[in-house]
Amino acid sequence: MNQNLEASLDEKQTETAELTLEKILFTESVYVNLPQGMEIYDNKGILRSINDAAMRIYGVSDRNAVIGTVNLYENPYILEAKVKDRMLAGEDITMEFEYDFDRINNSSYYSSCNEKTMIFCTKIMPIWNKDGKVVGHLLLSDDITSTKETEFRIEESKKNLEMAMDAASMSSWLYDINKKIFQSLYGNPFVGASMTLEETQEKLHPQDRRKLTELFSRLVNREIQYGNITVRCFNDEDKCYHYYESRMRLSTEHLGKLQIVGTEVDVTEKLEMQRRTQELKDKRELAMQVSGIVHWDFNIDTRKFDSYNDPLNNYASDQPVTIEEYLDVLHPDDYSVFNDFMQSMLSGKNETLNFTCRIKTKYDASWQYCNMIGVPFGYDEQGHIIKFTGFRQNISKLHQLDEELQERNYKMELTFKTVGMSYWDFDVNSREFTAFNDSVNDFNAERKISFQEYVDSAHPDDLAIIQENFDLMLKGTDKDFSFKYRSKTKWDEEWQNYIITGIQAERNKMGKVLRYTGVRFNNTKWEKVTEELKALKEKAEISDRLKSAFLANMSHEIRTPLNAIVGFSELLVNCDDGDDKEEYVNIIQSNNELLLRLINDILDLSKIESGILERKREKFDLSKVCSELYMMIQPKITNPNVKFLMSPGPDCQIFLDRNRLKQVWMNFLTNAVKCTSSGHIHMGYSVEKGGVRFYVEDTGVGIPLELQNRIFGRFQKLNEFAQGTGLGLAISKAIIEAAEGEIGFTSIPGSGSTFWGWVPCQIEMPKKCYSSSVARQSQCRIVNRTDKGSLKILVAEDNDSNYLLVLNILKGYGLTRAVNGVEAVNKVREEHFDFVLMDMKMPVMGGLEAVRKIREFNKEVVIIALTANAFDTDRIDSLDAGCNEFLTKPLKRKLLLDILQVSD
């Protein structure tokens, strides 16, 4: 039994030993193959064992080189950590540190083949004996360099992500699909912690709730990997909806949970900014279209324009415009300025470029004025300009308005200068005037004018009124003003009268006047004109009264001879006494001459009023004219108490208007005859001062002193009962002055008067003088027939009465009548006539035209003009047309017979 028991015990011990051996072998196997480094140190710190993993970590190839040699207590990192006492006390110590192998090698701690730095995680544990004493240390170490680097990168990435999210105001959230709740991952998402999907939906805008549900469903069903959505969520602080942009994905990485991870950004301001940006862009585009503005960018490298709203590229902004395309639509006269503009850009000038040109595209009916402005916009790495940007604006309307404004300004300036007006502004603060067209600042609108300068040029008597109104402006008085004053500058020869008007033009916020404006009007000329008009008005009123008196007088003067003509004509019809008939005929003839003289005076007055007083200058014998006048006046002096004397001057021929000279001289004589009842009338002439002086002296009643200053006025008569118009001397004065001569008189009331006239003229002293009448007679005496019946005379006259008069004057002559110019021309062409009496005014063809037609084929026939037009121009026109003589109506028998050279 004991043997069996011993055998059993031996068997059990054998099994225990085997188990112990296997345990030890297992432990050693684990120790050796453990991926983590393991070291065993004794209580003195000497390395007793090290596994393969530790040798790899430390870079040791020979285990014997370190076992029994390396002392843990001499480890530099153990020494730095000061943990030796803790190790001996039996504490578990965990350390992480950067293991620098260069430092280990330099410290002779041991020799390592490693060179790189590693991050170690070390745990030191005590080895206890049965008595509870520390007999050694077990050191577990691991190379956690890659782990730490990964953790570092993850941490850095996390920090960068958080920084980026903070910069973007981004938050993140997590949605558990199974639990159907949200969690906040980072920031402040609008989905609160543990908020359900239904609660979240309540915060969303009704129109966005379905969108979120559908997106979640597509993610869960794996229809899409990522989702993107913009929703509106109500913001409790702002009490309005905010826009949130959210990106999300389906995640199954966290413990197999089905989750949706998402981010969100409040894009309310971004969208609002986009909206405003788009609105500004739309407004800009609209403004460019309405204003005709083109925005362009010019690339120096490509030499092309990128243009928006440009008709050159048919309003296609993606179609560049070349320089050549610009030149095709540019006005030829603007090539030069455009080339300068392009050269400045191509050379990269760092300045603002601006010019105006004319462009005409297919969309334009006419040349359009455009202003083009460009500025540098893009630069390369060296700072050279590579791009310009700018605008081209259609300024045609502005150009037209500018031209119109310039024209209006020019007209306004011209008006101001023409009417003598200046425009002024007064600044109350600076106390200075700005004036346009003002003589005080020498007409220089840029130069300011002080108040003292106006004072220095003002009339002394007007200083008070100037100072008074200036003080009103300095006080800012709310009142318009107007006053007159006189001024004289270096530009004026005399004092100028000015009217000043001013009004308030500008005020400050308190209502105080800061600026006055007004005009200064030079009224000098207008005041003179007013005075002249006033004088002319008075003169016109006097003239009107004189004309009224003249018309009344004319009525009397005309009726007086007409009464005699009509009365004695009736008596002549029934008179059988030859002497009475002769007397009646003389009376009728005398009154005819008086009536004709009245009519001639009225015609001369009409010429003077119209400014067409005519003169026909000719050479004549002055002594002959003097004799003729003497012979004409002598029969009119029937008073035996009046002697008529003549003192002719030297025989000479002068070059003057013979008829006008006789008219003036005759007027002097007839006035002398009217006013002289006793004594003498003396006429004569002399040659002096390069002209002739003629005079008439009488011993008549003389001229009252109060009438002498207006004796040459119109409608002036000394005796209202004497025959005459009162126009003779006025007409005489106009005739003499028109010839650049002089006229005058001396008179003593009650003793007599002397009227004289002097006219400059050419004077010759020939040996023999022939009268013009003799010459004319010899020229016209081309018919010499004693038998008047043999003369053939054509009378071109449409008026029956006038023809009957000629028929009776030329009774017994061979007369043929034509009633118009055409008939007269045909008769002269078909028949032979010695004379043609041609009326100037006839139907169908007038007399002048008929004379010209006749002279085309007949130069010999004598043509005598008969007309009621008595002006010299009518006489000249008749002679120029081809007439030989000129007679005025009423026709006088003697004159006509003298021309025909046939005795009565």
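Biologist: How many cavities of 30 Å³ or more does the structure hold?

Modeller: Rolling a probe the size of a water molecule over the atoms shows where empty space is left. A cavity is a set of points on a 1 Å grid over the protein atoms alone where a 1.4 Å probe fits but cannot get out, and lining residues have an atom within 4 Å of a point. The structure holds six cavities of 30 Å³ or more, a volume being the space filled by probe spheres set on the points, which are joined across faces, edges and corners. This is a predicted model, in which local features need pLDDT of at least 70 and side-chain atom pairs count only at pLDDT 80 or more, while totals for chains, interfaces and linings use all residues. Residues are numbered from 1 along each chain as its sequence is written, and side-chain values use heavy atoms, with hydrogens and water left out.

Biologist: What volume does the largest cavity have, and which residues are closest to its centre?

Modeller: The largest cavity has a volume of about 200 Å³, and of its 14 lining residues, Phe 433, Tyr 454, Met 473, Phe 483 and Ile 500 are the closest to its centre.

Biologist: Is Asn 235 buried or exposed?

Modeller: Buried means under 20% relative accessible area, exposed over 50% and partly exposed in between, with a 1.4 Å probe and protein chains only. Asn 235 has 16% relative accessibility and therefore counts as buried. Contact means heavy atoms within 4.5 Å, and, leaving aside neighbours within four places in sequence, Asn 235 is in contact with Cys 240, His 242 and Tyr 244.

Biologist: What volume does the second largest cavity have?

Modeller: About 170 Å³ of space lies in the second largest cavity, and among its 17 lining residues Glu 39, Tyr 41, Tyr 58, Asn 75 and Tyr 109 lie nearest its centre.

How values were computed:
On a 1 Å grid over the protein atoms alone, a cavity is a set of points where a 1.4 Å probe fits but cannot get out, and a pocket is an open set with protein on both sides within 12 Å along at least five of seven lines; lining residues have an atom within 4 Å of a point.
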